[in-house]
Amino acid sequence: MAQLTVDIGGSPGINCRGYCEYCYFKKVKGTTPLGCRYCLPFMKGCDYCTRGVKEEYSGFKDLRTVADETLANLQAKQGEIDRITISGGGDPSCYPQFTDLIGLLGSTEAPLHIGYTSGKGWDDPSIADLLIDNGLSEISFTVFSVDPKLRKQYMHDPTPEVSLAILERLCKAVDVYAATVVLPGVNDGTVLEDTCRWLQDRGAKGHILMRFANETGQGLILGNGPVLKHQKTQSVESFRDMITDLRKKFTMKISGTPLWDPEIGSPFAIRYEPALLAKLPRVMKQASVVSGSIATPFIDTILSACGSTVPVVPVAKEIACLITADDLKQIDLRTLEPVVIIPGRAFVHDAEAEEILSRDGIVRTVLRGPEMLTADAETSMGMTREQVLEMEMNGFTELIWLINQYGI
């Protein structure tokens, strides 16, 4: 069995009927490369950390190009295709030849999955039946609120009632995972409960809540903060408590990013499993592990249970995979071991990381850790607890192997 991704191209704000009010792409500026795991050893900057992270690409691909690429990818796959995912920098609902695209992909008779859509591009309720008839099996649909006025004001949806009607029809026929960026004082509280109730009553499989980020420390690394001036944000603890309270009120799966998935116990669900912790390799050597402020205490608990005596080093940045060179510059070098492991997806060039972390005259070896140690809500929403635990076992096994292989 194999999966196929169909990239339709497009860019945020341009191929989505305009930025939503809260969209973190709308103020992106600057062209300086961040550095990342894909960069060549001798050169900071590659397509991913200069354009890809900002989704600075040309418009939608024409249907002929998409068809040719899809055919080539199909021919390269071995075995039966069990899922085709439609994705791109633009919103699929705004793709000019959307009905033709769905007809083309539907002819493969493979289940279709739309990885993200706001629904802003759909002005005709019959789109729902077109999708169902052509094999749509799963969709991630940004709802924000089921109040059409709020959806129109904050998402700039010209036909919010139609979008919600399409969402309602899809909820009855396919796996719908709704998504909401929570703006405190706007779509939280009773408004959010009304949205959850509406989705649950119509059969949605789950609702992913995303904490609104408005500053660099919360993850805006592209010179794009604040996204909304004077807009309140939630602390990580407050956001997690909100998720917990909502999960008690509804039977539908509700989870949040950056925290948390109450049903699975993730991120870092393995910390509740002493039998699995006992199966992890023992930490035999010493190395400093750097992470974001949210993940640090969890990782420290797990590594300590495996015998580590070196505390995990936090940076101010909350999200580990959004750590940049500026975050590394704030670390007290006196706390670091000769070997330092940074997050695998951190936006730092390897050579620059070594230079920053060795500027006190002590030459330190800097390594990248696993790409993922756990699953956030966007990942875990479609996973079982066993799958998340397996991911965590694999991630921590790899991390401990790095410590034991290269540590002192």
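Colleague: Let's start with Tyr 154: does that residue count as buried or exposed?
Modeller: Tyr 154 counts as buried, at 15% relative accessibility. Keep in mind that this is a predicted model.

Colleague: And how accessible is Phe 144?
Modeller: Phe 144 has a relative accessible area of 0%, so Phe 144 is buried.

Colleague: How are the rings of Phe 144 and Tyr 154 arranged?
Modeller: Their centres are 5.4 Å apart and their planes make 25°, so Phe 144 and Tyr 154 are a stacked pair. Phe 144 sits in the loop between strand 4 (136-142) and helix 5 (148-155), whereas Tyr 154 belongs to helix 5, and the two are ten residues apart.

Colleague: Which residues make up the cluster that ring pairs link there?
Modeller: The cluster consists of Tyr 22, Phe 144 and Tyr 154.

Colleague: How many aromatic pairs turn up in the whole structure?
Modeller: The search finds eleven. One of them joins Phe 98 and Trp 122, with ring centres 5.5 Å apart and planes at 55°; that angle makes the pair tilted.

Colleague: Why does the Phe 98 and Trp 122 pair tie together separate parts?
Modeller: Because Phe 98 lies in helix 3 (98-106) and Trp 122 in the loop between strand 3 (112-117) and helix 4 (127-133), parts that are 24 residues apart in sequence. Phe 98 is buried at 4% relative accessibility, and Trp 122 is buried as well, at 2%.

Colleague: What lies over the face of Trp 260?
Modeller: That's Arg 240, at 4.0 Å from the ring centre.

Colleague: Switching topic, how is the chain divided into domains?
Modeller: The assignment gives domain 1 (2-257) and domain 2 (269-406). Their centres, taken over C-alpha atoms, are 29 Å apart. The contact draws 29 residues from domain 1 and 27 residues from domain 2.

Colleague: What is the strand order in the sheet of seven strands?
Modeller: The order is 1-2-3-4-5-6-7 in an open sheet with parallel pairing. Strand 1 (2-7) and strand 7 (253-257) are at the edges with a single partner strand each, so one side of each has no neighbour in the sheet. On average, neighbouring strands are turned by 15° against each other, direction ignored.

Colleague: How many bridges are there between strand 5 and strand 6?
Modeller: Six, in the parallel sense, between strand 5 (175-182) and strand 6 (206-211). Tyr 177 stands opposite Gly 206 of strand 6.

Colleague: Which strands does helix 8 lie across?
Modeller: Helix 8 (236-249) lies across strand 5, strand 6 and strand 7, and runs at about 175° to strand 7.

Colleague: And what about the sheet of four strands, what order do they take?
Modeller: The order there is 9-8-10-11, again as an open sheet with parallel pairing. Strand 10 (339-342) and strand 11 pair over four bridges, and Ile 342 has Arg 368 in strand 11 as its bridge partner. Helix 12 (350-357) packs on the sheet, touching strand 10 and strand 11, and its direction makes about 140° with that of strand 11.

Colleague: Last one: where is Thr 324 found?
Modeller: Thr 324 is in the loop between strand 9 and helix 11 (325-329), and Thr 324 counts as buried at 10% relative accessibility. Setting aside neighbours within four places in sequence, Thr 324 is in contact with Ile 221, Lys 317, Phe 347 and Val 348.

Conventions: Residues numbered from 1 in each chain as written. Predicted model: local features only at pLDDT ≥ 70, side-chain atom pairs only at ≥ 80, totals over all residues. Heavy atoms only, no water. Phe/Tyr/Trp six-rings, centres within 6.5 Å; stacked < 30°, edge-to-face > 60°. Buried < 20%, exposed > 50% of the residue type's maximum accessible area, 1.4 Å probe, protein only. Lys NZ or Arg CZ within 6 Å of the ring centre and 35° of its normal. Pairing = 2+ DSSP bridges. Contact = heavy atoms within 4.5 Å. Axes fitted to C-alpha atoms, helices over the stretch in contact; angles between N-to-C directions. Domains from an automatic or database assignment.
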